[in-house]
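Open the model in your viewer and keep the selection panel at hand.

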Amino acid sequence: MMKKIVGILVCMLLILVSFSICVSAGSEEDPEIVDRTFDVKLFGLIPFLPQMYFKNADFESVWFYEQVDHPDTLYICMKLRELKIISETYEFNYVVDWTYNNVNYGAFIRLFPQGLTSFLVGTLDEDGNDYVDYVVCEGTFNDETNIITWIIPKSEIGNPGKWTKITNIFPFINIRFPLDSGKVKFDLFKDLPWNVKITKDYSIKY
Ligand SMILES: [Ca+2]
Ligand SMILES: [Ca+2]
């Protein structure tokens, strides 16, 4: 009888573990990064009000995911408080950086008064500051779901293997005047990830 009860308990435990593995996949419900909201700062340092004008520079969460029928692709999503496809004055720079196998990578897209750039992904230098090279990838910029999605061929980001980890996930957004505006050329407002509530690595599944 005792053996039977232990057997049932072990089975229940295994079911629970497999279920938790299923729901622990990167998703909007279980993102790798959860940031605070209303935290866009002047120069990335100085809190200010009102934040209502910077909803589209305030990220809420970031998650990575894969699809079994597209095992050679990594999807990266950034959810904003409110995404807008139009900018009247500023340049918005949406970025997610990460590390794989001791190499720094970044995915980014920029919104100018003239419109959106392509979705871009590339390799960063050792300091993680400048792109050594980058390529155009696919993506979506959805102002209904407020989610930006980069659709990235794994071949462009070091071919991360199954069960290996994407680490140091570092999303940020900065706002500045466009270079051709003739105005100041530094970042004016930023949402940085130093104050995130949750930060996790992402395990490659396929
Ligand atoms: Ca934020
Ligand atoms: Ca933040």
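Select the hairpin of strand 10 and strand 11: four residues lie between the strands, and Asn-146 takes a positive phi near 65° there. Strands (E, at least two residues) and helices (H or I, at least four) are DSSP runs numbered from the N terminus. This is a predicted model, in which local features need pLDDT of at least 70, side-chain atom pairs count only at pLDDT 80 or more, and totals for chains, interfaces and linings use all residues. Residues are numbered from 1 along each chain as its sequence is written, while chains are lettered from A and ligands numbered from 1 in the order in which they are written.

Now show strand 10 (residues 131-142) beside strand 11: five bridges join them, antiparallel. Strands count as paired if DSSP finds at least two bridges between them. Pick Phe-141; its bridge partner in strand 11 is Ile-148.

Strand 5 pairs with strand 11 in the antiparallel sense over seven bridges. Here Leu-74 has Ile-152 as its bridge partner.

Next, select Ile-76. Among the residues it touches are Phe-64, Val-96 and Trp-150, leaving out residues up to four places away in sequence. Contact means C-beta atoms, placed from the backbone, within 7 Å.

Finally, color by pLDDT, the predictor's confidence in each residue, from 0 to 100. The chain mean is 89, and 88% of residues reach 70 or more. Select residues 13-24: pLDDT is below 50, and the stretch has two contacts in the model beyond near neighbours in sequence. Where pLDDT is low, the predicted coordinates should not be read in detail.
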